[in-house]
Amino acid sequence: MAEDPNDWEVATRLIRGGLARSPHGETSEPIYLTQSFAYDSAESADARFAGAEAGFIYARYGNPTVKMFEDRLALLEGAQACRATASGMAAVHMAITGLVRAGDHVISGKALFGSCRWILNTWAPRFGVETTLVDGPDLAAWRNAVRPNTRLFFIETPANPLLEICDIAGICAIAGEIGAKVVVDNVFATPIFQQPLKLGADIVVYSATKHIDGQGRVLGGAMLGETALMEEAYKDIARHTGPALSPFNAWVLLKGLETLDLRVRRQTETAALLADRLAAHAKVKACRYPGRSDHPQHAVAMRQMNGGGNQPAGGTVVAFDLGSRDAAFRFLNALELVDISNNLGDAKSMATHPPTTTHRSMTEEQRLEIGLTAGWVRLSVGLEGPADLARDLERALEAA
Ligand SMILES: *Cc1c(COP(=O)(O)O)cnc(C)c1O
């Protein structure tokens with residue numbers, strides 16, 4: 001009996017999923033750096049363009065290395081179909097615009113990655129699509145925002161930068177009642193801990209730049225869902241607007257997937273430890289970590305970030321408040337190991353001050369609405385030794 005990849009454990013999916021060897025039998029996935037493909041005959045070209053014959057046509061439509069990445073990620077997520085993109089934002093943009101048209105209404109949590117907020121608030125209105133931003137953890141707020149023309153719910157959970165949690169299954173139930181689609185940005189939770197399609201979402205999007213690469217090398221993104229919806233909503237927009245992932249970057253991301261489970265679990269173990277240390281420190285006014293019982297939506301987090309079973313986990317990012325911008329800057333400037341950087345999910349630990357970096361395009365009032373006062377720091381925990389990281393944080397806190 002041939003192995004059925006759908007029976008494999010996560011670790012096996014990440015190593016073996018999607019592997020399509022060439023006749024050379026290479027062990028590592030080949031990089032097919034080619035834009036186009038030659039056909040055996042004019043009849044064959046005719047059949048491929050007609051969709052009657054399987055095979056690649058042009059790299060904007062698909063490429064064998066990119067397809068290996070898509071197949072591996074789809075197998076991990078338990079999704080029927082995956083489409084890789086050049087960046088996370090290309091995936092978010094396509095995920096949203098492929099599901100709405102002029103006159104439609106979108107509902108989203110207001111704590112969002114800055115560029116996602118820009119697409120909904122600034123870009124989509126130019127094409128006649130309006131968005132209501134609600135308090136993400138408040139299910140009643142999602143229900144109250146529904147209008148007759150609501151077509152799409154957009155969820156980011158845990159949300160950037162204060163890690164608030166939206167109840168994916170609860171929001172999907174509301175969307176289901178009115179026939180709206182649900183898109184989940186699953187970057188912070190990673191596919192290791194949270195699988196939104198199983199909780200009722202229609203589309204899940206990733207910035208593969210973050211944990212999937214995890215080593216600070218390339219940009220990439222992906223969207224996943226059922227084949228019928230992915231074809232109907234996204235096939236033409238992907239072909240004709242060109243957000244295609246480069247085959248080289250797809251190869252880097254394939255290598256990233258091989259160690260994703262190991263890295264994310266280790267980073268999460270260290271993050272949980274550091275979150276407890278930070279929360280107990282006199283200089284820290286507040287510490288947010290979904291794995292801690294004092295997180296306002298801890299119960300929901302543990303229910304949905306459970307690793308597809310009984311392994312609840314808080315993820316790799318911690319946020320904490322030092323009370324003022326000056327204290328936050330003194331802290332950042334005193335770090336010796338941890339980098340001051342706005343990336344996350346990397347093997348290298350990184351800390352940033354969201355109000356002056358990732359969330360600086362929001363007005364002060366908008367920042368206060370999501371609780372982002374001037375002293376917050378966001379820490380992405382990497383793979384360094386936990387004791388070394390704890391010492392670095394301790395030293396920097398003294399300076400704060
Ligand atoms: C980084 C990020 C994105 C955008 O991804 P890029 O690969 O940088 O384009 C979108 N959503 C979230 C939550 C992110 O953290």
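**Figure 1. Salt bridge between Asp167 and Arg303 in the predicted model.** The closest N and O atoms of Asp167 and Arg303 are 3.2 Å apart. A salt bridge is taken as a side-chain nitrogen of Lys or Arg within 4 Å of a carboxyl oxygen of Asp or Glu. By this rule two salt bridges cross the interface of domain 1 and domain 2. The model is predicted, and local features need pLDDT of at least 70, side-chain atom pairs count only at pLDDT 80 or more, and totals for chains, interfaces and linings use all residues. Numbering runs from 1 along each chain as its sequence is written, and side-chain values use heavy atoms, with hydrogens and water left out.

**Figure 2. Interface of domain 1 and domain 2.** Domain 1 covers 5–258 and domain 2 covers 261–399, with bounds from an automatic or database domain assignment. Their centres, taken over C-alpha atoms, are 26 Å apart. The contact (heavy atoms within 4.5 Å) involves 37 residues from domain 1 and 39 residues from domain 2. About 3,100 Å² is buried between the domains, 61% of it from carbon and sulfur atoms; buried area is the accessible area (1.4 Å probe) that two parts lose on being put together, summed over both. Leu162, Phe193 and His211 supply 25% of the area that domain 1 buries against domain 2, more than any other three residues.

**Figure 3. Residues around the ligand.** Among them are Ser87, Gly88, Phe113, Glu156 and Lys210, each with a heavy atom within 4 Å of the ligand. The shell divides into four nonpolar, five polar and three charged residues, with Gly counted as polar.
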